[in-house]
Amino acid sequence: MTTDDDGSGPNLEALNANIERIEDLSQRLVSALAQRRKIPPSLQGPGEDLYMKAASAWMAEMMSNPSKMIEHQVGYWGKTLKHYVEAQQSLTSGKFAAPEDPGPSDRRFAGDLWQTHPYYNWLKQQYLLSSEAITGAVEKLDHLEPRDRKRLEYFSRQIVDMASPANFLGTNPDALARAVETDGQSLVDGLENLVRDLEANRGDLLVTLADPDAFKVGENIGCTEGSVVFRNRLMELIQYAPRTETVHRTPLVIFPPWINKFYILDLNAEKSFIRWAVEQGHTVFVVSWANPDASYADVGMDDYVEEGFLTAIEEVKGICGEEKVNAIGYCIAGTTLSATLALMKKRGDASVRSATFFTTLTDFSDQGEVGVFLDDDFVDGIEEEVTRSGVLDSFYMSRTFSFLRANDLVYRPAIKSYMMGERPPAFDLLFWNGDGTNLPARMAVEYLRGLCQEDRLAKGTFRLCGETVALSDVSVPLCAIACETDHIAAWRSSYRGIRQMGSRSKTFILAESGHIAGIVNPPAKNKYGFFLNEDMPELPEDWKEGAARQGGSWWPSWGAWIKSRAGAQVPARTPGTTARPALAAAPGTYVLPGKAA
């Protein structure tokens, strides 16, 4: 506790300074909230029809099987009453201690006071009992379609997670103890963090996950040596400087997703997939996508394919003097790469020797966890928003993906930042996660409607650049890497899409961990393993059963796969040519904050 120099009491000078800060922060808070954007109600939660279906299912259950519903309620009330009595008895016994806590461990309640203090332990156990009752009630509703059940389970879990007593200052003993220890300094610092986040997001609350001052793109993140060798309105093409005297003849071009920045594959020298690929003797190119503004409203999937994918492939061929390239597509760029390969097959273009897909969905018949946001209620709201603004602001994508893991990416960081007054950690991956990009209006709707909702690529009815394309048109040798706990691109769905492709040469790798950590898993870390099976049976479960687990990163296994398709050794190539001189040093200009074409 901060005290005066003589130790007689609180430091009045510090308290007065904090009062002045609070006055200033309060004014900034009001100003930031006044700037809050108008968000369509359909992007704030599911449509009313879901709640009506849930209510109807509950009434039907009550009418057809009242004993089950009554048993569930009686069981819940019995547990809560028993715990209440135990807590009362513990207090009246004269021992200021919590009763026995048989519940499972929960990271949200790791602090000692949650276990030892009778009041806070009572709050915690009552909350966990109520959570169990709510989730159990939803799971036991029998009169719902599977898709509606999945959405109801997800959104009810969101409500349950939000209601945790750890999320509120008055019921979080760790935050209150910190406030006492610091004479309220932690609360003042927390208010400053809150105002900062509101100001950064036009009055909307999006928690800053990483220290915004800890990294600078091109200096200590995204800094593998190379040059921009081509630029148009949609992308900059970066060629990386060689790190070997000779390189494989066939160059490698990487297409990252345009919903985030490319440097996820170049976080630092130790974690950089790009640097590692260069060190394996590949001439590596990467596409750095523009961050669109409202002037890009009419840019669609056709434009990304023609001006992005196909143009990049032609430029790489021209710079290297080769007829073929190897290509990698990550996430949404992998989906688009598959459609591009199908289009190239229709056009008789054999420029791609092999394709690699990172966490890629092409069959959306099972949309995984993210599918709860792909019904008409949300997609209609997105279409309304992008029609008005010309782009889908990165705010919406960041918020959506964060709430897929709300406790880890929303509530826990908010508690640390706003209640405990802590500065966000200097974590490169989370810094990248917060560096989102906008999506052009037309492209966003085409992708969500045509691919995600209507599954046209898997059905063979997707229109692209004047052709109708299908997964079966993809005939190049391919390797796909999916991630076991991916909450965005479920590995089973990824497997089903890869299996439908027309290639006779397919390799499927299942990496441990999630959408990012499973891919950014350098060999030196030896952190996560992977599963490999050369066979491609119909069911993904059968593939997994027949797969062999291998320890360490999947990068070397993929390196051996791509090496056999990369050609003989030739003298190393420096970035650019006389016809295509370097325009800027890597990481270029489009990747920088606020930059577009």
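Helices (H or I, at least four residues) and strands (E, at least two) are DSSP runs, numbered from the N terminus.

## Basis

The model is predicted: local features need pLDDT of at least 70, side-chain atom pairs count only at pLDDT 80 or more, and totals for chains, interfaces and linings use all residues. Residues are numbered from 1 along each chain as its sequence is written, and side-chain values use heavy atoms, with hydrogens and water left out.

## Cis peptide bond

A cis peptide bond, with omega near 10°, joins Ala586 to Pro587. Pro587 is in the segment that follows strand S17 (584-585).

## Helix H10

Helix H10 (residues 301-320) has 20 residues and should span 28 Å at 1.5 Å a residue; the expected span is 1.5 Å times one less than the number of residues. The end C-alpha atoms of H10 are 27 Å apart, which agrees.

H10 has a kink of about 35° centred on Thr311, where the bend at a residue is the angle between axes fitted to the seven residues ending there and the seven starting there. Of the 20 residues of H10, 14 are buried, so the helix is largely enclosed by the rest of the structure. Buried means under 20% relative accessible area, exposed over 50%, and partly exposed in between (1.4 Å probe, protein chains only). Just after H10, Gly321 has a positive phi of about 65°.

Asp455, a residue other than glycine, has a positive phi near 55°. Asp455 sits in the loop between helix H16 (441-453) and helix H17 (456-459), and counts as buried at 7% relative accessibility.

Asn526, also a residue other than glycine, has a positive phi near 50°. Asn526 is in the loop between strand S13 (506-511) and strand S14 (530-533), and counts as exposed at 55% relative accessibility.
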